[in-house]
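Colleague: Can you walk me through this model? Keep it quick.

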Amino acid sequence: SRDLDNANREQAGHTLLRDKLNNSKLYETNKHFWPTVLSLVLQARCQEAASLLVLHSNSNGRGLRSLRQLLASMPIASHTEKEGMWTEYGTQFSQAWNYWQSECEHRLSSGEFDHVGGDQTSVDYVKLIINVLSGRTSIWDDQRILEVTKGSRGWFFRFVSFVFYTDQLVNIDGLSGNLDRWLSLTKKGNTEPDSHFDQSIDAL
């Protein structure tokens with residue numbers, strides 16, 4: 001019957017797609033794969049990072065599924081609240097954000113990502129990404145972060161990422177304190193000759 005023929009063609013299509021995926025190259029071996037995922041996370045484009053992780057050959061393994069879940073569930077602050085409602089909303093968002101970051105930290109410390117992806121490069125990048133998500137301050141001089149943010153010229157981009165993940169509800173009065181905190185934690189990318197860092201700080 002026509003319905004049976006359609007079903008057979010659909011099944012054949014699924015089989016061809018499965019075979020194509022099974023025979024495809026390992027995307028994670030591309031030198032740009034993990035730096036791109038990291039860059040997206042630093043830009044707070046976590047949904048896009050989660051989508052890219054689907055291309056990993058071990059994307060359905062426990063560790064990568066856990067990472068994708070964390071990326072997809074990152075709380076997003078609403079900027080449509082009326083001024084009078086912001087204090088109440090800010091408290092609710094802060095609670096959601098703190099819970100989400102504590103979950104990131106818990107999964108990392110529990111060893112959930114110790115063997116993620118089946119290769120050491122995946123393990124190293126995933127642990128770095130989870131450290132970023134959890135708001136850990138000790139990783140912002142990591143060479144991989146410097147590389148994906150264009151080295152010395154990307155110091156401002158790194159600072160914005162730092163504030164986003166470590167002090168989500170910062171106001172204008174708190175920026176100076178965050179800058180001092182960031183400066184005390186980062187050294188590699190701020191002192192190179194072409195960074196224009198000192199001039200920028202003086203201007204601020």
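This is a predicted model: local features need pLDDT of at least 70, side-chain atom pairs count only at pLDDT 80 or more; totals for chains, interfaces and linings use all residues.

Colleague: Fine. How many helices and strands does the chain have?

Modeller: Ten helices and zero strands. From the N terminus the order is α-α-α-α-α-α-α-α-α-α. Helices here are DSSP runs of H or I with at least four residues, strands are runs of E with at least two, and both are numbered from the N terminus.

Colleague: What share of the chain counts as buried?

Modeller: 37% of the 204 residues. Buried means under 20% relative accessible area, exposed over 50%, and partly exposed in between, with a 1.4 Å probe and protein chains only.

Colleague: And the accessible surface of the chain, what does that come to?

Modeller: About 12300 Å², with 52% of that belonging to carbon and sulfur atoms. The areas come from the Shrake-Rupley method with a 1.4 Å probe.

Colleague: What about contacts between residues 24 or more positions apart?

Modeller: They account for 57% of the contacts in the chain with a separation of 6 or more. Contact means heavy atoms within 4.5 Å.

Colleague: On to packing. At what angle do α2 and α3 pack?

Modeller: About 160 degrees, with the axes 7 Å apart. That makes α2 roughly antiparallel to α3. The crossing of the two is left-handed.

Colleague: Which residues make the contact?

Modeller: Phe33, Trp34, Thr36, Val37, Leu40 and Val41 come from α2, while α3 supplies Cys46, Glu48, Ala49, Leu52 and Leu53.

Colleague: Remind me of your conventions for axes, angles and classes.

Modeller: Axes are lines fitted to C-alpha atoms, for helices over the stretch in contact, and angles run from 0 to 180 degrees between N-to-C directions. Under 35 degrees counts as roughly parallel, over 145 as roughly antiparallel, 65 to 115 as roughly perpendicular, and the rest as oblique. A crossing is left-handed if the near helix is turned anticlockwise from the far one by less than a right angle, and right-handed if clockwise. Ala, Val, Leu, Ile, Met, Phe, Trp, Tyr, Cys and Pro count as nonpolar, Asp, Glu, Lys and Arg as charged, and the others, Gly among them, as polar.

Colleague: Is α2 mostly covered or mostly open?

Modeller: Mostly covered, since eight of its ten residues are buried. Among them are Phe33, Trp34 and Val37. The buried residues of α2 pack against α3, α4, α6, α7 and α8.

Colleague: Next pair. At what angle do α3 and α4 cross?

Modeller: Roughly 160 degrees, and the axes of α3 (residues 46-53) and α4 (residues 62-72) come within 8 Å. They are therefore roughly antiparallel to each other. In α3, Cys46, Gln47, Ala49, Ala50 and Leu53 meet Leu64, Leu67, Arg68, Leu71 and Ala72 in α4. Those residues divide into eight nonpolar, one polar and one charged.

Colleague: Leu53 keeps turning up. Is Leu53 buried or exposed?

Modeller: Leu53 is buried, at 0% relative accessibility. Leaving aside neighbours within four places in sequence, Leu53 is in contact with Phe33, Trp34, Val37, Ser59, Leu64, Leu67, Arg68 and Leu71.

Colleague: What lies between α2 and α3?

Modeller: A loop that includes Ala44. Ala44 has a positive phi of about 65 degrees although it is not a glycine. Most residues other than glycine have a negative phi. At 26% relative accessibility, Ala44 counts as partly exposed.

Colleague: Last one. How do α8 and α9 pack?

Modeller: At an angle of about 110 degrees, with their axes 10 Å apart. That makes α8 roughly perpendicular to α9. The crossing is right-handed. Residues in the contact include Trp155, Phe159 and Phe162 of α8 and Leu179, Trp182 and Leu185 of α9. By class, the contact has eight nonpolar, two polar and two charged residues.

Key
Residues are numbered from 1 along each chain as its sequence is written. Side-chain values use heavy atoms; hydrogens and water are left out.
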